[in-house]
Amino acid sequence: MTVQDVSDHFNISWGTVKQMDKEYLQRYYSKPVLKGVEYIAIDEFAIQKGHHYQTVVYDLKAGRVIYIGAGRAEESLDSFWKRLIHSGARIKGVAMDMWVPYYNAVMEHLPDAQIVFDRFHIMKKMNETLDEIRRSLYRDEVDLNKRNLIKGLRWLLLKNANNLNDEYQERHRLEEALEINMPLAQSYYLKEDLGQLWLQNNRQEADQYLTSWATRAWATTIVAMRDFVKMLLGHRTGILNWFEHRISTGPLEGFNNKIKVLKRRAYGYRDMEYFNLKIYSLHESRYGLLR
């Protein structure tokens, strides 16, 4: 039910209903309890076009947003650290992508917590590297038929091998293209092999696997692949921490989709305080009053 629906039903002004709703949210949701929080995820979401973001901190155990800050800089989390100290909570693990400001902020304020870099963001970076290699090969290829073959490969390369559709001969088309292009084949199979990292039995095995994979990737001498290897090894500890604390930003990203729906259904919010309060209450689906 929307604010307008309530306004129409009871024949009272839209502003009055909205203010009543806001006061209710302020009373019950404006200060999420942080005591007992152990595992969090940090990410951002866009509030409008033009690179305008808000930082969100998510309690992975309770499945709720516990902090929203303006922007996505280190300072965006300042108020959260103050509240966390007063709460007495002891954070064991933090799931995040490799956004440097968040990393720096966590390292400074939660030195005893373990950072876990999200596997899906790492695979996304791998896919971006693979596509960069494909584009480079396309630009350098002089044979028209081979150029057309490489150009149409993007989605097949990025698709998980287990999801290739044999009915549309996707596997055949991919294998045909890889047979005639060694760098592309090397990069593709390295991408598939990297996904096996998180299937290792423990941290030690994963560490050995990562070293082996990085050695093979470096040996290709492909510039983009070597850049990716350097980035990957630079974040080695955070990647391997997953075997100690199996957390990810996945639940938060799913919650961010709910935020997008909330924003879309309400056609945007002019009152950002009200919007943030709606987000704090969003984990309780029974409460859904919108604009």
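Trp81 sits in helix H3, which spans residues 78-87. The model is predicted. The chain has 14 helices and 5 strands. Of its 291 residues, 45% count as buried. Among contacts with a separation of 6 or more, 60% join residues 24 or more positions apart.

- Is Trp81 buried or exposed? Trp81 counts as buried, because its relative accessibility is 4% and buried means under 20%.
- Setting aside neighbours within four places in sequence, Trp81 is in contact with Ala105, Val106, His109 and Leu110.

**Asp59 in strand S2**

- Strand S2 covers residues 52-59, and Asp59 lies in this strand.
- Asp59 is buried, with a relative accessible area of 5%.
- Which residues does Asp59 contact, leaving aside its neighbours within four places in sequence? They are Val37, Tyr39, Arg64 and Ile66.
- Asp59 and Ala41 are 18 residues apart in sequence. In space, their C-alpha atoms are 6.8 Å apart.

**Helices H9 and H10 as a pair**

- Helix H9 runs over residues 182-194, and helix H10 over residues 203-219.
- The axes of H9 and H10 come within 11 Å of each other and cross at roughly 170°. That angle makes H9 roughly antiparallel to H10.
- On the H9 side, the contact is made by Leu190, Asp193 and Leu194. On the H10 side, Tyr209, Trp213, Arg216 and Ala217 take part.
- What kinds of residue make up the contact of H9 with H10? There are 5 nonpolar residues, no polar ones and 2 charged ones.

**The two sides of H10**

- H10 has 17 residues. From its first C-alpha to its last, H10 reaches 24 Å, close to the 24 Å expected at 1.5 Å a residue.
- The buried residues of H10 are Ala206, Leu210, Trp213, Ala214 and Ala217. Seen down the axis of H10, these buried residues fall within an arc of 100°, so they line one face of the helix.
- An α-helix has 3.6 residues a turn, so residues three or four places apart point the same way.
- On the other side of H10, the exposed residues are Gln204, Gln208, Thr215 and Ala219.
- Trp213 and Ala217 are among the buried residues of H10, and both also take part in the contact with H9.

**Thr221, between H10 and H11**

- Where is Thr221? Thr221 is placed in the loop between H10 and H11.
- The phi of Thr221 is near 65°, a positive value in a residue other than glycine.
- Most residues other than glycine have a negative phi.
- Thr221 counts as exposed, because its relative accessibility is 53% and exposed means over 50%.

- Helix H11 covers residues 223-234 and has 12 residues. From first C-alpha to last, H11 reaches 17 Å, close to the 16 Å expected at 1.5 Å a residue.
- Which residues of H11 are buried? They are Ala224, Met225, Phe228, Val229 and Leu232. These residues cover an arc of only 140° around the axis, which puts them on the same side of H11.
- The face of H11 turned away from its buried side carries Val223, Lys230 and Gly234, which are exposed.

Conventions. Residues are numbered from 1 along each chain as its sequence is written. This is a predicted model: local features need pLDDT of at least 70, side-chain atom pairs count only at pLDDT 80 or more; totals for chains, interfaces and linings use all residues. Side-chain values use heavy atoms; hydrogens and water are left out. Axes are lines fitted to C-alpha atoms, for helices over the stretch in contact, and angles run from 0 to 180 degrees between N-to-C directions. Helices (H or I, at least four residues) and strands (E, at least two) are DSSP runs, numbered from the N terminus. Angles under 35 degrees count as roughly parallel, over 145 as roughly antiparallel, 65 to 115 as roughly perpendicular and the rest as oblique. Contact means heavy atoms within 4.5 Å. Ala, Val, Leu, Ile, Met, Phe, Trp, Tyr, Cys and Pro count as nonpolar, Asp, Glu, Lys and Arg as charged, and the others, Gly among them, as polar. The expected span of a helix is 1.5 Å times one less than its number of residues. Buried means under 20% relative accessible area, exposed over 50%, partly exposed in between (1.4 Å probe, protein chains only). The arc is that of the directions from the helix axis to the C-beta atoms.
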